[in-house]
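This report describes the fold and selected local features of one protein chain. Please look over the sequence and the structure before reading on.

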Amino acid sequence: MNFLNLASRHLTRRELTTVPRTGSQWQRSQRIHAARIPPVQIIRRNFAEVRNPSSDAPKPKPKASTALRRAASASLPIRSNPTPTRSDIQPVFTYATAERYIMPNLRRTLPKGSVLLHDAWWVPKWTDSQTGKDGEVFLFANGSFVCWGLGEDEATRFAQEVLANSAAEVAPLKEPETEDLEFVTDPEENTRLQGDLIVLGRTPPLSSEDTMPMELPPSVLPRETVLARYAFSQALSRSTALSGLEASLEDYLHSVASLPHSLQKTGKPGLGRRALVMKLGELLRFRQGLNLNRENFSDTPDFYWSEPVLEAYFNSLSNALEIRSRTRSVNDKITYAAEMQSVLRELLTETSAHRMELIIIALIAVEVVICLIRDGPELWEMVFGKEEKPAEETEKTYSV
């Protein structure tokens, strides 16, 4: 055993010992070594090369993370367990194009059969001219509309065909704001919001018979859930309209973001009085649209006070979309911007007051100089008395 250990150590030492070779010997040994070793075939697994044909298509802009998105897993039982009475999953798409709509102006461009349902225009059936899809649309005064059974492409064409020629849009948005959900119909289920999926089914009886109009045109969706769809649509329209206001406010805050830096570096606000007052007026318009208009984002519409069932539908989706917390956040941003501009306005007021003081001091100095030039001799005589002439000059005067 000792002899074998010594032999293995000796061989290991010889293998590890390097012997210097000349260049020609090294090249010859490399050629011999390459000739003895068979060629190796390299096998590559191109996992990255496997592509979905639809992967090259442009992906939509990701939506903001809300409680509705975070609770999406609650809808998995319905999505993964279809039943014979349940319909296919269909889209609900919300599209905001302006700050508000003039509702009477929409009448002449809406399709036939459209009716005014409480605070919205209801289009019971609209057929897309390209895809042939049928869906219904709710249009609200806050500058948005909600499509049931129609996707983004169909909603875009609806805006182009119906809204573009209506002269109803007030203060159009730079870029349309969107929100999308999905829904199913199942007469065996209760109408509710489950996760990020709206289930349209059985609806409890309403408190008042006048809430549901007696004569309604036929729709592509069940008549029994039209007011439930209206309540969900109003919550969605508020969220999308609020998104448009948030985007406009972000652009405004970006436009005034350099004012504190300019004040720090130069000691000047960086804006004139007129421009600052215009910015302040724009800020007040944001707050008015957020809190004081009829379609504000804080209060529950009066329509739901007498209908607790519909109010529950409206509040469930409003809470999932975090409308109240987002409204408070926007109000806080507006308050900060207003305080900053109030400080800048006070600085401009102090600067103009200081300038007026300098002008007044300069005018007083000019007036003093003019008085000294005009009334200087008289003042001199009044202070120091009249200068007496010498006696010789007096005698010469008398002799003459």
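**Overall content**

The model is predicted. The protein chain contains 11 helices and eight strands. Of its 400 residues, 34% are buried. Among contacts in the protein chain with a separation of 6 or more, 72% are between residues 24 or more positions apart. The accessible surface of the chain is about 26200 Å², and carbon and sulfur atoms contribute 56% of this area.

**Strand pairing**

Strand 6 (residues 169-190) pairs with strand 1 in the antiparallel sense, through 10 bridges. In this pairing Gln-90 faces Phe-183 of strand 6. Strand 6 also pairs with strand 8 (residues 197-202), here in the parallel sense and over five bridges. Val-184 is the residue that stands opposite Val-199 of strand 8.

Val-146 belongs to strand 5. Its relative accessible area is 0%, so Val-146 counts as buried. The C-alpha atoms of Val-146 and Tyr-95 lie 6.4 Å apart, although 51 residues separate the two along the chain. Leaving out residues up to four places away in sequence, Val-146 touches Val-92, Phe-93 and Thr-94, as well as Glu-136, Val-137, Phe-138 and Phe-140.

**Aromatic rings**

The structure has 13 aromatic pairs. One of them joins Tyr-95 and Phe-145 in a tilted arrangement, with 5.5 Å between the centres and 35° between the planes. Tyr-95 is part of strand 1 (residues 90-101) and Phe-145 is part of strand 5 (residues 144-148), so this pair ties together parts that are 50 residues apart in sequence. Tyr-95 and Phe-145 are both buried.

One aromatic cluster is made up of Trp-122, Phe-138, Phe-140, Tyr-230, Phe-303, Tyr-304 and Phe-314.

Helix 6 covers residues 226-255. At 1.5 Å a residue, its 30 residues should span 44 Å, and the end C-alpha atoms are 43 Å apart, which agrees. Helix 6 is mostly covered, with 23 of its 30 residues buried.

Helix 9 runs over residues 308-320. The buried residues of helix 9 include Val-309, Leu-310, Tyr-313 and Phe-314. Asn-315, Leu-317, Ser-318 and Ala-320 of this helix are buried too. After helix 9 comes Glu-322, which has a positive phi near 55°.

**Residues with positive phi**

Most residues other than glycine have a negative phi. Ala-167 is not a glycine, yet its phi is positive, about 55°. Ala-171 likewise has a positive phi of about 55° without being a glycine. Where in the fold is Ala-167 found? Ala-167 lies in the loop between helix 5 (152-163) and strand 6. Ala-171, in turn, is placed in strand 6 itself.

**Accessibility of selected residues**

The table lists relative accessible areas for some of the residues discussed in this report.

| Residue | Relative accessible area | Class |
|---|---|---|
| Val-146 | 0% | buried |
| Asn-296 | 8% | buried |
| Ala-171 | 35% | partly exposed |
| Ala-167 | 55% | exposed |

The class of Asn-296 follows from the cut-off, because buried means under 20% relative accessible area and Asn-296 has 8%. Asn-296 sits in the loop between helix 8 (273-292) and helix 9. Apart from neighbours within four places in sequence, Asn-296 is in contact with Arg-238, Leu-290 and Asn-291. Asn-296 and Thr-327 are 31 residues apart in sequence, and their C-alpha atoms are 9.7 Å apart in space.

How values were computed:
Residues numbered from 1 in each chain as written. Predicted model: local features only at pLDDT ≥ 70, side-chain atom pairs only at ≥ 80, totals over all residues. Heavy atoms only, no water. Helix = DSSP H or I, 4+ residues; strand = E, 2+ residues; numbered from the N terminus. Buried < 20%, exposed > 50% of the residue type's maximum accessible area, 1.4 Å probe, protein only. Contact = heavy atoms within 4.5 Å. Areas by Shrake-Rupley, 256 points an atom, 1.4 Å probe, with all protein chains shown as cover. Phe/Tyr/Trp six-rings, centres within 6.5 Å; stacked < 30°, edge-to-face > 60°. Expected span 1.5 Å × (residues − 1). Pairing = 2+ DSSP bridges.
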